[in-house]
Amino acid sequence: MKPIVELEEVRKVYRSGSSRREIEVRALDGVSLRIEDGEFVSIMGPSGSGKSTLLHVLGLLDRPTSGRYLLAGEDVTGLDDEAAARVRNRRIGFVFQAFFLMPRYSALKNVELPLVYRGLPEGERRLRAERALEEVGLAERMDHLPSELSGGQKQRVAIARALVQEPALLLADEPTGNLDTESGREILALFDRLHAEGKTLVVVTHEREIADRSRRILHVRDGRLVDDEVLG
Amino acid sequence: MRFSDNFKIALEALFAHPTRTLLSLLGVIIGVFAVTALISLGEMATYGIQHSLEQVAGRSVYIQPQFKPGVESVRFDADLVKVLRVLPVRPVPYVFSSATAEDRHGQLVSLDLVGTVGDLPALDASVALARGRFFGPREARQGLPVAVINAKAESALFGNGRGLGRELVLNTSGGSRLRVLVVGVVQPAGGFFGGFEGSRVTVPYKLLWGRIPWKKGRFDMIELKVEPGVDLKEVEKRAQRLLELRYGKDRISVQSVQAFQQALSGITLGLQALLGGIGALSLLVGGIGIMNIMLVSVTERTREIGLRKALGATSAQIRTQFMIEAVMLTVAGGLIGVVLAAAVLYAAVLAVPFFEAFILSPTTVALALGVSAAVGLFFGVWPASQAAGLDPIEALRYE
């Protein structure tokens, strides 16, 4: 199997306070981690444990203070902003707790958005976005605005927006946190399917019930990986 | 990212808050309106004055004896008029005097009394008859007692439209009484200088020569009407040479309206720069308004910017997006301002006779739009940099 994510001794240190009494916060304190292609991994931990920072580092939204990060075999540790944006655009799909859809864009336009920054022509963007929306079961809702969609549907649009990028890594941050139980189940079922199709998924959650759907749970505490639990 | 997508995104953003967009445009609209309208008004006023000048004296060279205390002035006689015909000009000689006459209520009216040759309208396009006829060359040579008066003199002496065929008794400056028959009325001069016209009575030059002793045999001024296609400056030079040969140096003044026109251009150009400057100041204020609204917009759209970055927008792409938004705003404001200015200028032409023609030069329009685009570029830089510099994590967390 080929690794999608390889972290080696990754540290992330935030400094705050005055120069006299500087406070050092170690959000990540030496995390080493390997995620294989096609894995479905969840990251658990109490708030402040560093799990969000880990997700941001994995998503190239944040840069580690030290250590090394290989994404699909490519060293992405020292990329500048522009290069990191390009990698995010081509290799990483994000799903957020609050969906983050553009309120004035139709579902279709929302899904097209990452492809706009890839510079694809409109016709091709549309075709790919339609396919992604079909994949999440929203073929009938393409022209709807987010305000005309239910929470579960909104999150499915957001997932379609991630899928349209054909990312190497799909990162989800509390994807069911803003949803009722029923819609949450829908989304988890969709994740199951994506996993079955061979996509690599990393989900950050604090709910055991959700983490149990994955095949492997990484427990984070005080910026360290404290347990790597492989489920049957 | 495709460049056209930038425009779509900017348009979407601007149409998301139409009222706010329009209000923030107001400053630029007023600024561009002011610049365009003031510059064009300046051009229109200049044109009005220049055009009037040209109508009155555009293609003429004026020669007069130079006045020097203690030296007897040169005498312009009928012979000189013949000599001047060697130049490509039509010489029109004038005798200037003044007179008084009683109006219908017995009040004295002062008049400009002018003697000249016959058929003046054929020589001078700015002289147009309203009614009657102009005295002919033969009447002029024989000094018959006929007169052509202007509309102002007619209304002062007889009342509007009642002068033709009437007898007019003039008290000349020579002390004599002169009875003349009014055979024609000329239309008031148009344009800027029409307003300065006095009450004028024009008679055959020979008539004045006969009645005013010190005017006998002399003209006070000769106007050289320059033939079409002939260079005015060249005529001026040749007339100067010819007159110097005849009378000696510094005894004659030779003038055309060109020098005056040039001086006038300088003044109006200065005026335009001043007016344009005032307009530019309001455009500056408009630009600050745009910057303000763009900064608000960046703050409001912090999360949107964070999302776009997470999805792979580079900082440069975000910056371009906001720059284009700012420039589109100001250029749209510029367009509205220009259209508004055009409407007001057009109304001014219709309402004010002084403005003879509607002038909105392409240069002015290009300048107005160019400046508004520049305002957008300049005042968009800061907000766009703020947007481009946002940390996506912070931006996505922003409530």
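**Notes on the predicted model**

1. The contact between the chains comes up first: 20 residues of chain B are in contact with 20 residues of chain A. The model is a predicted one. On chain B, the side that touches chain A draws at least two residues from each of helix H1 (3-16), helix H10 (302-310), helix H11 (315-351) and helix H13 (392-397). H10(B) gives the largest share of that side, five residues. By class, the residues on the side of chain B that touches chain A are ten nonpolar, four polar and six charged.

2. Next, the domains of chain B. The domain assignment divides chain B into domain 1 (3-53 + 262-397) and domain 2 (75-250). Taken over C-alpha atoms, the centres of domain 1 of chain B and domain 2 of chain B are separated by 55 Å.

3. In chain A, helix H5 (residues 151-163) packs with helix H6 (residues 181-196) at an angle of about 25°, and their axes are 9 Å apart. Because angles under 35 degrees count as roughly parallel, H5(A) is roughly parallel to H6(A). The crossing of H5(A) and H6(A) is right-handed.

4. Which residues of H5(A) and H6(A) meet? From H5(A) they are A:Gly151, A:Gly152, A:Gln155, A:Arg156 and A:Ile159, and from H6(A) they are A:Ser183, A:Glu186, A:Ile187 and A:Leu190. The contact of H5(A) with H6(A) holds three nonpolar, four polar and two charged residues.

5. The crossing of H3(A) and H4(A) is right-handed.

6. The residues of this second contact are as follows. H3(A) brings A:Ala107, A:Leu108, A:Val111, A:Glu112, A:Leu115 and A:Val116. H4(A) brings A:Arg125, A:Arg126, A:Arg128, A:Ala129, A:Glu130, A:Ala132 and A:Leu133. How many residues of each class are in the contact of H3(A) with H4(A)? There are eight nonpolar and five charged residues, and no polar ones.

Technical notes:
Residues are numbered from 1 along each chain as its sequence is written. Chains are lettered from A and ligands numbered from 1 in the order in which they are written. This is a predicted model: local features need pLDDT of at least 70, side-chain atom pairs count only at pLDDT 80 or more; totals for chains, interfaces and linings use all residues. Two residues are in contact if their C-beta atoms, placed from the backbone, lie within 7 Å. Helices (H or I, at least four residues) and strands (E, at least two) are DSSP runs, numbered from the N terminus. Ala, Val, Leu, Ile, Met, Phe, Trp, Tyr, Cys and Pro count as nonpolar, Asp, Glu, Lys and Arg as charged, and the others, Gly among them, as polar. Domain bounds come from an automatic or database domain assignment. Axes are lines fitted to C-alpha atoms, for helices over the stretch in contact, and angles run from 0 to 180 degrees between N-to-C directions. Angles under 35 degrees count as roughly parallel, over 145 as roughly antiparallel, 65 to 115 as roughly perpendicular and the rest as oblique. A crossing is left-handed if the near helix is turned anticlockwise from the far one by less than a right angle, and right-handed if clockwise.
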